[in-house]
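Thanks for coming. I will go through one structure this morning, chain by chain, and then turn to a few single residues.

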Amino acid sequence: MDIRVRQLAKEFNTFRALHGVDVDIRSGELLALLGPSGSGKTTLLRVIAGLEEPTGGQVFFDDIDATSIPVRERGVGFVFQNYALFKHMTVARNIGFGLEARPKGERPSRAAIAARVAELLDFVQLSGLGGRYPAQLSGGQRQRVALARALAVEPKVLLLDEPFGALDAKVRKELRKWLRLIHDKTGLTTVFVTHDQDEALELADRIVVLNKGLVEQIGSADDIYDRPASPFVYDFIGDAVGLEVEVADGRATIGTQSIPLGLHVHDRGKGRLYVRPHHWQLSEADAAHLVGTVISQRRSGAERRAEVEIAAHMSFEISLEPGQEIATGCRLGLAPKRWRLFTASGRVIDPGVSRVPEDYAI
Amino acid sequence: MSATAGSPSLHRWPNPGILPGFGLSLGFTLLYLALIVLLPLAALAVKASGLGFHGFWAIAADPRVVASLKLSFGISLLAAAINAVFGLLVAWVLVRYDFPGKRIVDAIVDLPFALPTAVAGIALATLYAPKGWIGRIAEVFGLKIAYTPVGIAIALVFIGLPFVVRTVQPVLADLDQEIEEAAATLGASRFLTIRRVILPPLIPAVITGFALAFARGVGEYGSVIFIAGNMPFVSEITPLLVVIKLEGFDLAGATCIALAMLGISFVMLLAINMAQALSRRRFGHV
Amino acid sequence: MSSAGLLPEPRRQPPPRSPAASSVVGESPFARAVIMTVALAFLALFLVLPLVVIFAEAFSKGAEAFLATFSDSDAVAAIATTFLVTAIAVPANIVFGIAAAWAVAKFQFPLKSVLLTLIDLPFSVSPVVAGLTFIILFGAQSTLGPMLEAHGITIIFALPGLVIVTIFVSVPFVARELIPLMQQQGTAEEEAALILGASGFTIFRRVTLPNIKWGLFYGVLLCNARAMGEFGAVSVVSGKIRGETATMPLQIDIYYNEYASVAAFSIAVLLALSALLTLALKAALEWRFADELAAGRRH
C-alpha cells in the first residue's frame with residue numbers, strides 16, 4: 001500500500017508541529033523520518049497512524065482518503081518508542097490482543113489465535129517465551145514482542161517510533177539489521193522515525209529529512225549525503241563546514257582570501273559555501289588561493305583530522321590520511337575538490353551536478 | 001534499649017553512618033514510641049490476657065456485641081466497596097480530565113481528613129435527618145436514612161473516600177498513556193481498552209484503598225454516632241459499645257469488645273492483603 | 001499487614017504528557033460528560049453539602065445567635081482547652097518526627113521496617129480503643145493511676161489525659177512526611193557539611209532544615225488538623241467536664257445533645273474554617289513546593 005501525505009498541518013495550541021508537509025511513500029518501501037527533536041517527525045508518524053488529528057491536509061492510503069478514519073479502523077501496525085506493552089499480560093496475550101479485540105463475528109477462534117501467536121513468536125525468534133511477562137524480558141526482547149503484537153493484526157503499513165531509541169548501542173545495531181530482514185520478509189510499507197542519521201542512512205530505502213515542521217529533503221542515502229538540498233541538511237548530516245562567503249565574478253571571498261568557483265558562476269552577493277572535510281585538496285601554501293594554518297590535529301577512527309585556521313576566529317576541520325604527517329603550525333594551501341554553494345537568493349550551485357534536479361528544490 | 005542504641009559497645013550495629021546524632025535521635029524515637037504507643041497497647045494486651053478465654057467469650061458472644069460487630073464490619077465493607085467504585089471514578093476525573101476549578105475539587109477530596117469527625121457527624125446527621133435537606137427528599141420516597149444503618153454507611157463513605165482516591169490517583173497518573181494508544185492501533189474499542197488494559201493495573205491500588213477505607217470505617221466513632229441513632233441490635237456500632245462499657249466502668253467488657261474488634265479486623269485485613277498479593281501477581285508485573 | 005492502616009504509599013511524579021495525548025483515543029465527549037457529572041455530583045453530595053450545612057445551621061438564627069455562642073464561658077473554655085492541648089501535642093510530635101526521620105533517613109540499622117510499622121501503628125487503632133488503652137493504663141482500676149493520684153497527678157478526666165491521647169493519635173503525621181523526604185534527599189549535603197567541620201546541630205540547622213522546611217510545615221499542618229479535631233479518643237478520657245476537660249469537638253457533642261444546635265454548629269464553623277484553611281495551605285504547598293515535599297505529596 002502506498003501512502004500520500006498532502007499539505008499536512010498540525011498545531012498544538014500555539015506550537016506548529018507540522019506546516020504543509022507533502023510526502024509520497026511508495027508501496028513496500030522502508031522509509032525513515034529523520035530530524036532533530038521538535039522537527040515534527042513523530043507528529044507526522046502519529047498523524048499517519050491516526051493517533052493525532054491533523055489541523056489541515058490529508059493522508060491517503062492508496063486512493064482512499066484516510067484522514068478521518070479512526071485509529072481503531074485504520075489497520076496500521078504501530079510500535080511505540082517505549083513499546084507500550086501491557087505489563088499485566090503475558091507475551092502471548094500481548095501478541096494476541098489485537099485479534100481478541102476484534103468484534104465477535106470477525107474474531108478468529110481461540111485455537112486460530114493461539115496458532116497465529118505461536119507463528120509470530122517464532123517469527124520474532126521468541127519461541128517458548130510466550131508465558132513470560134514483559135517485565136521478565138530484556139529491552140531487545142520487548143522490542144520484538146512489540147513488533148509481533150503490531151504484526152498480529154496483519155496491518156497494511158508498519159509504523160515505528162524511534163524503534164531503537166531505548167536500547168543500548170550493541171543491541172541497537174543487531175536489531176537494525178533484523179528490522180531490515182523483517183521488512184524484506186513481510187514486504188510491508190514501513191515508516192520509522194529516528195533522530196540518528198546513521199540509522200536512517202544505513203537502514204532506509206529513502207529518507208525524509210524534517211526541520212521545524214517542514215520537509216527539507218526526500219531522497220536516498222546517496223542523495224541526502226552527496227547532494228544535500230539545503231544548508232540545514234548539510235549541517236545535520238555528516239560533517240561539513242559552511243563558510244560565509246561573498247560571491248562575485250566567479251569567486252567566493254572569505255575575508256582577504258578567495259576561492260575560484262569557475263566562470264559558469266554568474267551569481268553575485270552573499271552565500272554559504274559547504275565543503276566536507278575530505279573534499280579539500282591540499283597543496284603548498286605559496287601557489288594556493290586559500291591558505292590556512294594547522295592549529296591542532298587528532299586521530300579519529302580511520303582518518304586523521306586537522307583543525308585549520310584561515311583567518312582570526314575562523315577555522316574548520318579537514319581530514320587527512322592517517323599516515324599523512326603535517327606539523328602543527330604549518331601553513332597549507334586549500335582547494336575544495338567538491339563543494340556546494342547556497343546563494344542568498346536561493347540558488348544551489350554544485351559543480352558535481354550539471355543541473356539541479358527539481359527534487360532538491362527546497 | 002534506648003540508652004544502648006548509640007553506644008559504641010554494641011558491636012552488632014558497627015557502622016550506622018558517619019553523621020552525628022544517631023544515638024540521640026534513635027534513642028529518643030524509641031523512648032517516645034515506647035511510652036506513647038507501645039506501653040498503652042501492651043497494657044491492653046495484659047488486661048485482655050487477665051480475663052481468660054471464658055471471660056472473653058462470655059462478653060464477646062453476647063448477642064448485643066455480636067450484632068454490633070456484624071453491623072460495624074458489614075457496613076464498613078459496604079462503604080469501602082462504594083468508595084472503591086466512586087473513588088476510582090473521582091480519581092479518573094481528576095487525572096484524566098481538565099476542567100475549571102479542578103484544583104479546588106482536588107483539594108476538597110481531602111476534606112474528610114481535615115474536618116473533625118464530630119463536625120462531620122453533626123453535619124451529616126442534620127443533612128439526612130427527616131427534616132434535613134436530603135432527609136426530607138428521602139422521606140418522600142419512604143426512605144429513612146438518619147438513625148438507621150443507611151446513615152452509618154453514608155458517614156463511612158464520607159470518611160473513607162480520600163483513601164481510595166489518593167491511592168488510585170498516583171497509579172493512574174503514572175500509567176503510560178501509550179498503552180491506550182497501542183490498544184487503539186490494535187483495533188480495541190474504548191470500552192475493551194478500559195476493561196482489559198487500564199483497569200487491571202489499577203486493581204492493586206483499588207484494593208489498597210478499599211482496605212484503608214475499611215480499616216478506618218471499622219474504628220470510626222465521631223462521624224457515625226450522631227447519625228447512627230445508636231439503637232441496640234439495629235444501629236449500634238462496636239466502638240460505641242466500647243464507650244458504653246467504659247461509661248459503666250466495665251473496663252473488662254470494654255477490653256473484650258475492643259479485642260474482638262481488633263481480632264476480626266486483623267483477620268479481614270489479612271484476607272484483603274492476600275487478595276492484594278494475588279492481584280499483584282496477576283495484574284502487577286511491573 | 002504491609003499497607004492496611006497506613007496512609008497512601010509514596011508516589012512518583014507522573015511523567016510529562018504530550019499536549020494532545022489521547023485526544024484521539026479518549027472517551028467520547030458524551031461518555032466524558034456522563035463520567036464527570038457522576039463524579040462531581042458524588043463529591044458535591046458527600047463532601048460539599050455537609051460543609052454547606054454547617055454554615056447554614058450556624059447562621060440559621062442569624063449572626064447574633066452565632067456570636068452569642070462565644071459569650072458562653074463553656075465555649076470559650078473549650079476553645080482554650082483545644083488550643084492548649086494542640087500547643088503541647090503538636091510540638092511534641094514535631095520533635096519526635098524530626099528525631100525519627102533523622103535516625104531512619106540518615107543511618108542504617110537493623111529492624112528499620114519494624115520501627116516504621118510502629119510509627120504507623122496509631123493510624124490503625126480505633127480512636128476509641130486508643131482512649132481505652134490509656135484508661136487501662138492510668139484509670140482508677142489501674143496500678144499506675146492511683147499511685148500518681150497519691151502524688152497529686154491526675155491523668156484521666158484531666159488535661160494530661162487529653163494531651164497524651166492527642167499525641168497518640170497524631171504521632172505519625174510529621175514523621176511520615178519527613179522520613180520519605182529525607183530519604184529521598186540522601187546524606188551527601190550533610191556529609192559535605194561534616195567534612196567542612198560543622199557540628200551536628202549546625203548541620204541540622206543550616207543544611208537539613210532548609211531542605212525540609214516545607215515538608216515539615218506540611219506534616220505539621222496535617223498533625224495540627226488531627227490534634228484539633230480528635231474526638232473518639234479524647235471523649236473516652238476526658239469525662240467531658242464542662243469548662244474544664246471539654247475540647248471544641250467535645251463541646252460540640254455536649255451542645256448537640258442538649259439540642260443547642262446553633263451553638264454546636266457555631267463551634268463547628270470555627271473547626272470547618274480551620275479545616276478549609278488546612279486544605280488551602282496543603283494545596284498551595286503541593287502546588288508551589290511540590291519538589292520540596294515527599295514524593296508522595298505531589299499531585
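**Chains B and C, and one arginine**

From the N terminus on, the elements of chain B run α-α-α-α-α-α-α-α-α-α-α-α. That is twelve helices and zero strands, where helices (H or I, at least four residues) and strands (E, at least two) are DSSP runs numbered from the N terminus.

Before going on, some housekeeping. This is a predicted model, in which local features need pLDDT of at least 70 and side-chain atom pairs count only at pLDDT 80 or more, while totals for chains, interfaces and linings use all residues. Residues are numbered from 1 along each chain as its sequence is written, chains are lettered from A and ligands numbered from 1 in the order in which they are written, and side-chain values use heavy atoms, with hydrogens and water left out.

Back to chain B. Its C-alpha trace spans about 65 × 65 × 35 Å along the principal axes. Of its 286 residues, 58% are buried, meaning under 20% relative accessible area, with exposed over 50% and partly exposed in between (1.4 Å probe, protein chains only). Contact means heavy atoms within 4.5 Å. Taking the contacts in chain B with a separation of 6 or more, 73% are between residues 24 or more positions apart. The accessible surface, by the Shrake-Rupley method with a 1.4 Å probe, is about 11400 Å² for chain B, and carbon and sulfur atoms hold 73% of that.

Now chain C. Here there are 13 helices and zero strands. The C-alpha atoms of chain C fill a box of roughly 60 × 60 × 35 Å along the principal axes. Buried residues are 56% of the 299 in this chain. The accessible surface of chain C is about 12300 Å², with 67% belonging to carbon and sulfur atoms.

How do the two meet? In chain B, 100 residues are in contact with 100 residues of chain C. The area buried between chain B and chain C is about 8900 Å², and carbon and sulfur atoms give 78% of it; buried area is the accessible area (1.4 Å probe) that two parts lose on being put together, summed over both. B:Leu19, B:Tyr32 and B:Tyr97 supply 8% of the area that chain B buries against chain C, more than any other three residues.

How many salt bridges does the rule find across the interface of chain B and chain C? Two, a salt bridge being a side-chain nitrogen of Lys or Arg within 4 Å of a carboxyl oxygen of Asp or Glu. B:Asp110 forms a salt bridge with C:Lys282, and their closest N and O atoms are 2.2 Å apart.

Next, one helix. Helix 11 of chain B covers residues 238-247, and seven of its ten residues are buried. Among them are B:Pro239, B:Leu240 and B:Leu246. Just after helix 11, B:Phe249 takes a positive phi of about 60 degrees.

Last, the arginine. A:Arg149 lies in helix 5 of chain A, residues 139-152. A:Arg149 is buried yet has no salt bridge, and the nearest side chain of opposite charge, B:Glu178, is 7.9 Å away. For charge, Lys and Arg count as positive and Asp and Glu as negative; His and the chain ends are not counted. Leaving aside neighbours within four places in sequence, A:Arg149 is in contact with residues including A:Tyr83, A:Phe86 and A:Asn94, and also B:Ala182 and B:Leu186.
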